[in-house]
Number of protein chains: 4
Amino acid sequence: MRKVGELLLGGCARMWKSVHRASSGVARRDPLANKMALVTGSTDGIGFAIARRLAQDGAHVVVSSRKQQNVDRAVAALQGEGLSVTGTVCHVGKSEDRERLVATAVNLHGGIDILVSNAAVSPFFGDIMDVTEEMWDKILDVNVKAPALLTKAVVPEMEKRGGGSVVIVSSIAAYIPLPDLGPYSVSKTALVGLTKSLALELAKRNIRVNCLAPGLIKTASSQKISRLGKPEDCAGIVSFLCSEDASYITGETVVVGGGTPSHL
Amino acid sequence: MRKVGELLLGGCARMWKSVHRASSGVARRDPLANKMALVTGSTDGIGFAIARRLAQDGAHVVVSSRKQQNVDRAVAALQGEGLSVTGTVCHVGKSEDRERLVATAVNLHGGIDILVSNAAVSPFFGDIMDVTEEMWDKILDVNVKAPALLTKAVVPEMEKRGGGSVVIVSSIAAYIPLPDLGPYSVSKTALVGLTKSLALELAKRNIRVNCLAPGLIKTASSQKISRLGKPEDCAGIVSFLCSEDASYITGETVVVGGGTPSHL
Amino acid sequence: MRKVGELLLGGCARMWKSVHRASSGVARRDPLANKMALVTGSTDGIGFAIARRLAQDGAHVVVSSRKQQNVDRAVAALQGEGLSVTGTVCHVGKSEDRERLVATAVNLHGGIDILVSNAAVSPFFGDIMDVTEEMWDKILDVNVKAPALLTKAVVPEMEKRGGGSVVIVSSIAAYIPLPDLGPYSVSKTALVGLTKSLALELAKRNIRVNCLAPGLIKTASSQKISRLGKPEDCAGIVSFLCSEDASYITGETVVVGGGTPSHL
Amino acid sequence: MRKVGELLLGGCARMWKSVHRASSGVARRDPLANKMALVTGSTDGIGFAIARRLAQDGAHVVVSSRKQQNVDRAVAALQGEGLSVTGTVCHVGKSEDRERLVATAVNLHGGIDILVSNAAVSPFFGDIMDVTEEMWDKILDVNVKAPALLTKAVVPEMEKRGGGSVVIVSSIAAYIPLPDLGPYSVSKTALVGLTKSLALELAKRNIRVNCLAPGLIKTASSQKISRLGKPEDCAGIVSFLCSEDASYITGETVVVGGGTPSHL
């Protein structure tokens with residue numbers, strides 16, 4: 001038996017002398033400076049908090065959702081905070097909307113570095129025996145197919161800029177299905193797989209793909225949770241995953257659940 | 001069937017109006033300002049990069065490892081960068097060393113907010129049939145028992161300050177065992193469980209516990225990895241997990257592996 | 001601290017005196033005696049091996065796939081072995097076909113106790129950037145929606161008989177996405193979620209739902225695999241999962257991969 | 001894009017013509033005929049049910065636990081059922097006991113084909129802050145180190161017979177830590193890693209290693225569980241994993257938890 005030092009094992013260990021200053025200094029003060037970010041489903045809730053945070057961290061952000069008035073309101077609110085934010089209406093389930101969204105972002109900002117896919121259909125709440133083929137179609141279309149196709153549409157723009165970062169918003173339901181939310185849970189599980197698959201396929205294009213799995217507000221496991229989650233709890237990790245600091249993290253899902261049991 | 005809005009489901013969704021500014025502004029510029037951090041196994045490699053980053057992000061850091069000269073060198077290097085760093089010798093497998101480490105940190109900085117447990121025994125490289133009882137003892141002692149007991153020793157100090165954050169450094173080997181590194185891999189798997197268990201037990205004390213699983217330098221899966229990891233790749237995520245931004249993330253393991261296959 | 005005996009902890013521990021003979025004797029000799037089983041995608045490969053095994057273990061089996069000649073051939077082969085097997089054509093992606101399949105099974109055998117969902121679309125092999133919306137539609141329709149809807153169609157028949165067992169065939173690709181097989185991999189990941197979700201929803205109807213994840217023929221990890229898999233390697237576990245012996249196993253995915261790295 | 005048939009993808013798919021009869025016929029009637037099995041912690045509860053089942057399925061079984069009277073009682077009970085069972089006292093945490101156990105089994109039956117490692121220390125129930133170094137030592141010694149070393153001791157005997165099968169009994173606590181059972185949970189998580197590691201190392205010796213994770217008797221998730229588990233619920237799967245039917249399953253953990261949330 002022979003010993004192997006941390007050099008071989010630690011994954012990324014080196015002599016202390018070789019430690020770079022890559023992540024120190026100005027870059028970290030505005031970790032997303034000059035980045036162009038597209039966030040879907042971002043005029044409210046988690047998506048809004050993410051868009052806001054990306055802008056606070058230096059990115060130019062395009063927010064979007066299905067209704068013009070919601071887009072207008074979100075843009076006004078964020079611009080009112082002095083953030084670089086514009087907006088456009090987009091139903092991610094529609095091919096032409098996705099194309100227009102990408103074109104708008106490129107026109108406004110000259111390219112796309114970051115995509116956060118948060119748009120999802122409002123889930124139906126009911127016994128799995130009541131779920132119709134139409135419900136399955138809708139939820140798989142918007143929650144699974146749309147993120148895949150939107151990522152595909154964005155990839156060429158990211159390639160032009162030498163790479164990029166995609167974050168897909170899933171849910172703790174991906175790991176532990178929620179009662180009476182079968183198709184929603186299944187679609188969120190699929191997104192964990194989509195993240196892994198896209199990360200594998202897009203690595204050669206220098207595009208990282210990660211996933212966020214927000215927890216729940218209340219469950220039987222709430223005893224283990226110190227407090228309920230807030231939209232901002234999801235925003236910091238997304239900004240982090242989109243920054244240089246996360247440049248060696250891809251294909252992963254980070255659970256933001258306050259200790260909710262998830263995968264090991 | 002009835003619809004449930006993102007309010008119920010999104011985990012942390014709320015009206016955009018209620019979005020707090022919790023994570024904006026000065027706090028994020030120096031996310032660990034005035035925090036007192038203890039990092040074991042931190043005079044080299046990943047641990048050193050983590051200690052450095054925590055200090056860059058505003059923390060007062062105590063570095064430690066088994067040899068005085070390594071501690072001296074690391075402290076000199078980090079102080080030379082203008083960082084608030086001190087150091088002390090500590091063999092985490094020894095009860096008296098752990099106690100002295102905690103006492104030193106408390107004396108120097110008045111308390112402990114952050115513990116990063118990185119110290120680990122140099123693994124033996126060999127067929128599982130060559131692993132002796134003594135090797136098992138040593139690796140379980142230092143890699144599993146010591147982090148558990150060091151955390152236990154630190155908890156009362158964190159409680160005095162109203163809470164804290166623990167990050168345990170595991171390895172991708174926790175998920176995919178490395179050939180000829182059986183006991184090392186098993187010890188790293190145990191740390192994923194220890195993280196979950198500590199997170200559950202310490203939530204009521206407002207202490208979060210998360211885990212880092214650095215990837216490997218080269219494996220059969222290197223085709224999927226855009227580049228090899230560096231110590232700094234592990235530093236940003238640890239600082240993030242110790243910051244307010246991660247206040248709803250506990251019990252989780254984040255893989256920093258460049259796309260290495262891990263758990264789903 | 002107090003000790004808790006295996007009675008509390010072991011999950012199912014009891015005094016040895018109370019050990020039942022539930023699984024001994026005749027039942028185990030023909031573990032699926034008098035059970036009515038429906039297996040889709042079963043005229044070839046894994047599905048055929050499963051159908052054959054269920055019949056050898058005592059079940060009356062209805063095989064099906066998209067082409068009449070394949071059904072005829074499989075039925076002839078299995079009947080030639082003295083097995084109780086009939087067959088019908090079914091394209092699981094078509095609502096009317098699913099209904100006819102269930103009706104046929106009920107007419108032939110008076111009910112359904114077991115459903116093995118193996119039918120899947122032939123995957124497209126190519127870069128994720130070449131995947132069209134039509135390909136996503138097809139693969140999600142047949143691989144995800146169809147198993148969900150077929151299970152829904154079968155549930156009332158199982159309820160009439162007091163319960164039942166569903167096994168969904170996924171793939172190791174559910175856990176580790178295969179290069180150039182993105183949508184296939186995503187659909188197989190979704191099936192792991194579907195299994196969890198159906199198990200949760202159908203427990204109250206005394207229906208168990210489990211999943212099979214067959215491994216690959218050759219991969220970089222083949223060094224760890226003693227040999228390549230055969231269809232029969234997948235058949236025994238399915239018969240087991242459908243038997244009384246597995247009456248406390250539901251919502252689980254069993255990987256049949258010869259040691260291929262999968263989830264922890 | 002080109003299609004790939006199930007031949008490439010299905011993991012083990014082949015033309016129906018090539019389907020072997022490997023698992024049909026007599027072998028399956030007595031799937032463990034002439035196998036020599038060693039089961040630790042088997043005079044009560046889950047271990048007893050497993051020992052009984054292996055014997056019912058044709059194996060010659062050596063039961064063991066720490067007390068002679070428990071061994072005597074279990075042997076008498078099983079012999080009274082006409083099963084081929086002998087017994088010996090063994091404290092698996094003691095090196096000499098492990099060696100004697102292996103020697104006894106070899107003397108009695110001429111070799112060992114199957115090892116089921118079930119012995120575990122009675123867990124301490126209490127807050128993680130009350131766990132002493134001695135408790136950690138004891139639980140890691142008996143629950144983690146002993147299975148590793150016992151497997152090591154058995155491997156040469158299995159090699160003489162051309163291979164073998166090891167099943168390690170873990171717990172659902174491996175995945176979701178139990179409150180106030182920290183060290184127990186951590187030790188059970190470690191066993192999932194040990195299973196993966198041993199499977200990897202022992203594949204070249206034609207020895208498969210799998211893991212069983214029994215669920216709990218009652219938890220907050222009991223709503224999802226149709227009934228409470230019994231020892232026999234754990235016995236069938238162990239016999240299956242030790243049989244030829246499972247010859248392509250290694251490194252896996254099967255949860256027997258009635259739908260308890262576990263890993264995805």
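## Helix packing and a parallel sheet

In chain D, the residues D:Arg98, D:Glu99, D:Val102 and D:Val106 of helix H5(D) meet D:Leu149, D:Leu150, D:Ala153, D:Val154 and D:Glu157 of helix H6(D), where two residues are in contact if their C-beta atoms, placed from the backbone, lie within 7 Å. By class, this contact of H5(D) with H6(D) has six nonpolar, no polar and three charged residues; Ala, Val, Leu, Ile, Met, Phe, Trp, Tyr, Cys and Pro count as nonpolar, Asp, Glu, Lys and Arg as charged, and the others, Gly among them, as polar. This is a predicted model, in which local features need pLDDT of at least 70 and side-chain atom pairs count only at pLDDT 80 or more, while totals for chains, interfaces and linings use all residues. Residues are numbered from 1 along each chain as its sequence is written, and chains are lettered from A and ligands numbered from 1 in the order in which they are written.

Helices (H or I, at least four residues) and strands (E, at least two) are DSSP runs, numbered from the N terminus. Axes are lines fitted to C-alpha atoms, for helices over the stretch in contact, and angles run from 0 to 180 degrees between N-to-C directions. Two helix pairs can be set side by side.

| Helix pair | Axes come within | Crossing angle |
|---|---|---|
| H5(D), residues 95-109, and H6(D), residues 133-160 | 10 Å | roughly 30 degrees |
| H7(A), residues 182-202, and H7(C), residues 182-202 | 7 Å | roughly 150 degrees |

H7(A) is therefore roughly antiparallel to H7(C), whereas H5(D) and H6(D) are roughly parallel to each other; angles under 35 degrees count as roughly parallel, over 145 as roughly antiparallel, 65 to 115 as roughly perpendicular and the rest as oblique.

In chain B, seven strands form an open sheet with parallel pairing, in the order S4-S3-S2-S5-S7-S8-S9, and two strands pair if DSSP finds at least two bridges between them. Its edge strands, S4 (85-89) and S9 (253-256) of chain B, each pair on one side only, and the twist averages 20 degrees from one strand to the next. Four bridges join S8(B), residues 207-214, to S9(B), and B:Ala213 stands opposite B:Val255 in S9(B). Helix H5(B), residues 95-109, lies across S2, S3 and S4 of chain B, running at about 155 degrees to S3(B).
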